[in-house]
Amino acid sequence: MHKVHVSYNNIVSALGFSTDEVVKNIASGKTGLQVIDDKNIFQEAFCGALIDNQALDSAFNTLAPQKDYTRLEKMMITSLNEVVKSSGIDLNERVGLIISSTKGNIDVLEPNNPFDDSRAYLAELGQQIKSYFNFKNEAIVVSNACVSGVLAVSIAKRYIDYGVYDHVFIASGDVVSAFTLSGFHSFQALSKAPCKPYDANRIGINIGEVAASALITNDTNSLSNDAVEVLGEGSSNDANHISGPSRTGEGLYRSMQLAFKEAQITSKDVDYISAHGTATLFNDEMEAIAFNRMDLAEVPLNSLKGYFGHTLGASGLVETIVGMQSLKNQTLYKSAGFETLGVTQPLNIIEKTEQKPLQIFLKTASGFGGCNTAVLFKKVN
Amino acid sequence: MSQAYKIKSYCHIEEGGLSLNGQVLYADTSKPFAEFIKAAYKAENTKYSKFFKMDNLSKLAFLAADVLLKNEKINPEEAQDIAIVFSNKSSSLNTDRKHQNTIEDSSNYFPSPAIFVYTLPNICIGEISIKYKLNSENSFFIFERFNANHLKTYSDILLSKNKAKEVLCGWVDFDDEGHYKAFLYLVALEGDIDNNEQEINKLYNI
């Protein structure tokens with residue numbers, strides 16, 4: 001069986017419209033989070049990471065679009081276009097398309113939105129992206145809460161391993177909307193200041209928006225200079241609660257066990273963990289328990305939520321892409337917002353950005369519905 | 001990878017009817033969905049109080065799964081290795097519209113966590129996983145229409161890669177009162193029906 005890699009990629013975000021620009025900003029300690037007090041977005045001031053509309057329109061208009069697209073479609077097309085272009089791959093029937101999103105074009109339900117409500121159907125989002133690029137295959141839309149972005153990588157690998165496709169392009173994205181903000185606000189989970197994952201003084205989550213795209217491929221001629229091999233992956237449900245994580249970290253623990261088993265490596269082989277770290281007490285504590293059960297307490301770990309906020313269906317993919325840059329640049333990036341350990345189990349949170357030899361990293365995510373996914377990646381030399 | 005898997009059993013809920021392996025268990029086309037599903041739940045002697053707080057999509061998926069798994073003599077007290085792979089067209093839009101209604105008017109603003117939590121399609125998988133202690137693989141996919149090819153391929157992948165021993169898969173869609181359908185089936189090593197696209201489509205259209 002050929003190895004499967006994550007190759008060319010792109011991030012469209014508050015921190016820039018290319019992976020390089022975004023990672024330079026992260027390295028310099030810049031965050032995309034800011035306090036937004038705009039009644040047109042949400043009735044209350046909140047802290048989040050928003051993509052600048054003018055910058056988005058200007059990037060998107062260089063593609064000379066022939067019709068109107070929603071804001072999310074503009075983000076996702078702008079992002080995926082960079083990946084399709086740099087890969088140079090012919091979009092024939094051996095090429096798949098996976099769309100990862102929790103809410104898609106949910107903002108079209110707002111009374112003032114010019115698009116028809118039917119645009120809120122996720123398959124319609126998939127169809128718009130498929131048609132724009134002329135993919136031969138129907139888009140496979142994954143909507144599995146906050147693990148969607150990293151689960152999409154697992155699904156792409158499975159399809160390639162099974163011989164259905166040689167290449168799969170993943171486009172992931174969610175927008176910050178009154179819909180999502182009001183929901184998390186009703187849970188009293190929203191922080192009015194930048195979030196502090198794993199910190200004793202944590203204050204809740206921030207919602208952010210990104211579009212992230214990547215090529216998954218079995219073709220060693222299609223590898224970018226930051227490509228990584230997908231060593232193993234696993235998913236497991238907590239079977240415990242629909243909106244709160246398991247107190248024993250059961251699903252996350254099992255996901256990691258499955259990923260390690262498939263990768264045929266042990267905890268000692270992992271150089272870095274890109275964790276979920278939403279900065280809620282229950283999530284952070286659950287992760288700390290699961291990582292300790294896996295003997296991963298000493299492995300350097302960060303949450304990137306302090307840079308992008310929680311970007312929902314895109315978070316797993318954008319965080320995987322930043323993890324790839326850690327391996328490429330041999331650099332651990334600071335876990336923004338962290339000062340004092342605020343979980344009951346030991347964790348090795350990255351407190352300052354520094355160079356370090358890195359070969360293998362673990363990406364994990366957990367979400368509503370009790371879902372958890374873990375994927376192991378190895379640097380390609 | 002060429003191992004042929006089988007369909008052990010299947011369940012439908014649509015147009016006021018609930019059936020298992022093609023046999024009608026309960027039908028009442030006169031009732032609105034909320035009353036119909038409650039009556040079907042009672043007729044099946046389900047006894048699971050969490051059912052009543054679920055949204056329409058979760059009620060639909062949960063009852064179909066429960067009827068099917070109960071018939072398979074699956075013990076909810078024992079851990080099982082059954083993956084769940086669901087798909088639909090309308091995601092959680094039925095509940096999304098309800099949440100949207102709670103925030104549209106600033107003078108009548110009442111978003112509720114109890115509604116918001118159901119604005120994700122995979123929550124229904126969580127509900128089934130809790131009842132049957134399924135610490136297993138799960139994914140929710142969205143397609144324009146029923147996609148037997150995807151479900152067949154994906155269940156084959158999970159079984160052949162030993163990601164699960166059995167796969168509960170199918171279509172659970174709740175768009176509105178007049179447009180809902182659950183078609184769930186269990187794929188395993190043994191069963192009477194071949195797990196191929198043609199058979200899956202045939203069962204879907206029963």
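## A walk through a two-chain model

Leu109(A) touches Asp117(A), Ala120(A), Asp96(B), Arg97(B) and Gln100(B), leaving out residues up to four places away in sequence. Here, two residues are in contact if their C-beta atoms, placed from the backbone, lie within 7 Å. The model is predicted: local features need pLDDT of at least 70, side-chain atom pairs count only at pLDDT 80 or more, and totals for chains, interfaces and linings use all residues. Residues are numbered from 1 along each chain as its sequence is written, while chains are lettered from A and ligands numbered from 1 in the order in which they are written.

Where does Leu109(A) sit? Its place is the loop between β4 (95-100) and α4 of chain A. Leu109(A) counts as buried, because 23 C-beta neighbours lie inside 10 Å. The cut-offs are simple: a residue is buried with 20 or more other C-beta atoms within 10 Å of its own, exposed with 12 or fewer, and partly exposed in between, with C-beta atoms placed from the backbone. Now look across the chain. Leu109(A) and Leu376(A) are 267 residues apart along the chain, and their C-alpha atoms are separated by 38 Å.

Step back to chain A as a whole. It has 10 helices and 16 strands. Helices (H or I, at least four residues) and strands (E, at least two) are DSSP runs, numbered from the N terminus. The radius of gyration of chain A is 19 Å, close to the 21 Å that the globule rule gives for 381 residues, so chain A is as compact as a globular protein of that length. That radius is taken over C-alpha atoms, and the rule is 2.2 Å times the number of residues to the power 0.38. Along its principal axes, the C-alpha trace of chain A spans about 55 × 50 × 40 Å. Of the 381 residues in chain A, 64% are buried. Take the contacts in chain A between residues at least 6 apart in sequence: 78% of them join residues at least 24 apart.

Next, the meeting of the chains. The contact takes 41 residues from chain A and 42 residues from chain B. On the chain B side, the elements giving two or more residues are α3 (93-103), α4 (113-116), α5 (123-132), β5 (138-142) and α6 (148-160). By class, that side has 18 nonpolar, 16 polar and 8 charged residues. Ala, Val, Leu, Ile, Met, Phe, Trp, Tyr, Cys and Pro count as nonpolar, Asp, Glu, Lys and Arg as charged, and the others, Gly among them, as polar.

Strand β5 (residues 140-142) of chain A is joined to β5(B) by 2 bridges, and the two run antiparallel. Val141(A) stands opposite Ile142(B) there. Two strands pair if DSSP finds at least two bridges between them.

Which residues of α3(B) are buried? They are Leu93(B), Asn94(B), Thr95(B), Asp96(B), His99(B), Gln100(B) and Ile103(B). Their cover includes α6 (178-186) of chain A, together with α2, α4 and β6 (166-176) of chain B.

Strand β3 (residues 46-49) and β7(A) run parallel and are joined by 2 bridges. Gly48(A) stands opposite Ile207(A) in β7(A).

Two helices of chain A also meet. Two packed helices are described by the angle between their axes and the distance between the axes. The axes of α1 (residues 19-27) and α10 (residues 315-329) of chain A come within 11 Å and cross at roughly 75°. These axes are lines fitted to C-alpha atoms, for helices over the stretch in contact, and angles run from 0 to 180 degrees between N-to-C directions. α1(A) and α10(A) are therefore roughly perpendicular, a label that covers 65 to 115 degrees. α1(A) brings Thr19(A), Val23(A) and Ile26(A), and α10(A) brings Ile321(A), Val322(A) and Gln325(A). These residues divide into 4 nonpolar, 2 polar and no charged.

Most residues other than glycine have a negative phi. Ala239(A) has a positive phi, near 50°. Ala239(A) lies in the loop between β9 (228-237) and α7 (250-263) of chain A, and counts as buried with 22 C-beta neighbours inside 10 Å. Lys73(B) has a positive phi of about 60°. Its loop runs between α2 (56-71) and β4 (82-88) of chain B. Lys73(B) is exposed, with 6 other C-beta atoms within 10 Å.

Terms used:
Angles under 35 degrees count as roughly parallel, over 145 as roughly antiparallel, 65 to 115 as roughly perpendicular and the rest as oblique.
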